[in-house]
Amino acid sequence: MSSPERDVRAARTPEKTAAAVPAHRPVVAVTGAATGVGALLTARLADSDEVRQVLAFDERRGETDGAQWHVMDVRDPAIAEKLRGADVVVHLAVDLNLETDAIARTAYNVRGTQTVLTAAAAAGVHRVVLLTSAMVYGALSENPVPLSEDAELKATEEATGVGDLLEIERLAKRAPRAHPGLNVTVVRPAALVGGVDTPLTRYFESPRLLVVKGSRPCWQFCHVEDLASALEYAALGKAEGELAVGCEGWLEQDEVEELTGIRRMELPSAVALGAAARLHRLGLTPSPAGDLAYTMHSWVVSGSRLHDAGWRPLWTNEEALAALLAEVSGHHTVAGRRLGRKDATVAGAAGATVALLGTAAAVRQIRKARRGKL
């Protein structure tokens with residue numbers, strides 16, 4: 001980001017005042033504190049006049065000197081003793097890495113969340129903030145635009161990591177009943193931008209933007225800096241319950257194509273979904289066919305609860321998309337698979353043709369099946 005842009009953001013950030021400092025300043029614990037949004041949040045909290053102390057948990061020490069670091073696995077029950085004295089826990093130690101084995105990823109995410117919730121209750125923590133995603137609402141053609149926070153969670157477990165996120169949501173619902181007095185807040189960001197690698201960020205690494213015929217994609221982003229500020233709001237109890245977070249409004253597919261300068265490749269639904277499923281089944285791509293739904297249908301969220309509490313995003317969708325394009329520059333992805341330099345040289349601008357190889361195979365399968373029914 002250029003210096004003038006940083007200055008503009010600083011100007012839009014509310015200044016701290018002595019009157020804003022609460023009488024009781026909480027001790028806030030953050031898991032997954034060494035990297036990503038966890039590192040951003042830990043730094044924000046350590047610099048906040050509204051926080052008395054920050055306890056930082058991760059499998060390695062992070063760079064924030066103002067926090068008290070505990071190097072450990074969040075699945076270790078010994079974390080309960082380390083949490084004593086904390087008022088709030090923000091649990092961000094969730095692995096959604098595309099390259100992680102799915103079974104190991106689920107075991108880590110679910111067991112880690114269970115352990116943190118149980119340990120927090122045992123340590124006398126009053127509030128736990130969990131991070132999932134607006135993907136839990138599901139991407140469906142009938143979705144209203146935007147979705148309200150209390151909309152039904154209609155996602156299936158067919159997309160990358162969504163099954164884990166739905167289980168975390170279930171744990172969040174059960175925790176207050178299992179541990180009376182424990183307040184649980186769930187934060188659900190839109191498509192994340194800013195140092196993340198997801199099926200949705202890889203969508204913009206392709207030589208063509210795949211558009212399924214008959215679909216009407218709507219794009220809403222959430223920059224990790226805005227997510228960190230929303231998590232801070234939740235940690236300080238300024239907003240509670242289920243909180244959706246993202247940029248204001250959304251972008252239509254035509255606007256995205258105009259802003260990115262990337263042309264579309266339009267395919268019938270059966271061909272696109274069939275090819276995606278086949279390529280994933282063969283181990284050629286990391287993304288299952290379920291990921292495609294989030295590029296086909298809207299899952300835009302209103303974020304009304306955070307807005308009512310006074311929170312506002314500093315990033316617009318246009319700015320977040322520009323930041324994403326800058327990050328993925330030089331990366332080449334075909335059908336969700338990131339290519340190395342040698343592969344990219346071979347594919348080059350003809351990458352869309354490579355992607356169609358998989359669809360051609362799917363078309364042949366469909367035609368054979370149809371002939372077999374005659």
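Helices (H or I, at least four residues) and strands (E, at least two) are taken here as DSSP runs, numbered from the N terminus.

**Figure 1. An overview of the protein chain in this predicted model.** With that definition in hand, the protein chain shows 14 helices and 15 strands. Of its 374 residues, 50% count as buried.

**Figure 2. Helix 2 and helix 7 where they cross.** Here we zoom in on helix 2 (residues 36-46) and helix 7 (residues 224-235), whose axes come within 9 Å and cross at roughly 50 degrees. Because of that angle, helix 2 is oblique to helix 7. The crossing of the two helices is right-handed. On the helix 2 side, the contact is made by Val 37, Leu 40, Leu 41, Arg 44 and Leu 45. Helix 7 answers with Val 224, Glu 225, Leu 227, Ala 228, Ser 229, Leu 231 and Glu 232. Sorted by class, these residues are eight nonpolar, one polar and three charged.

**Figure 3. Thr 64 in its loop.** Thr 64 sits in the loop between strand 2 (53-58) and strand 3 (68-71). Is Thr 64 buried or exposed? Its relative accessibility is 15%, so Thr 64 counts as buried. Leaving aside residues up to four places away in sequence, Thr 64 touches Ala 39, Thr 42, Ala 43, Ala 46 and Trp 69.

**Figure 4. Phe 221 within the largest nonpolar core.** This core holds 73 residues, and Phe 204, Phe 221 and Tyr 294 touch the most other members. Helix 5 (residues 162-178) gives the most to the core, with seven residues. Which residues does Phe 221 touch, not counting those up to four places away in sequence? They are Ala 190, Ala 191, Val 193, Phe 204, Gly 246, Cys 247, Leu 251, Asn 317, Ala 320, Leu 321 and Leu 324. Another core, of 33 residues, lies apart from the largest one, and its members include Ala 33, Val 37, Val 51 and Trp 311.

**Figure 5. A cis peptide bond at Pro 146.** The peptide bond leading from Val 145 to Pro 146 is cis, with omega near 5 degrees. As a reminder, most peptide bonds are trans.

Notes:
Residues are numbered from 1 along each chain as its sequence is written. This is a predicted model: local features need pLDDT of at least 70, side-chain atom pairs count only at pLDDT 80 or more; totals for chains, interfaces and linings use all residues. Side-chain values use heavy atoms; hydrogens and water are left out. Axes are lines fitted to C-alpha atoms, for helices over the stretch in contact, and angles run from 0 to 180 degrees between N-to-C directions. Angles under 35 degrees count as roughly parallel, over 145 as roughly antiparallel, 65 to 115 as roughly perpendicular and the rest as oblique. A crossing is left-handed if the near helix is turned anticlockwise from the far one by less than a right angle, and right-handed if clockwise. Contact means heavy atoms within 4.5 Å. Ala, Val, Leu, Ile, Met, Phe, Trp, Tyr, Cys and Pro count as nonpolar, Asp, Glu, Lys and Arg as charged, and the others, Gly among them, as polar. Buried means under 20% relative accessible area, exposed over 50%, partly exposed in between (1.4 Å probe, protein chains only). A nonpolar core is a set of buried Ala, Val, Leu, Ile, Met, Phe, Trp, Tyr and Cys residues joined through side-chain atoms within 4.5 Å.
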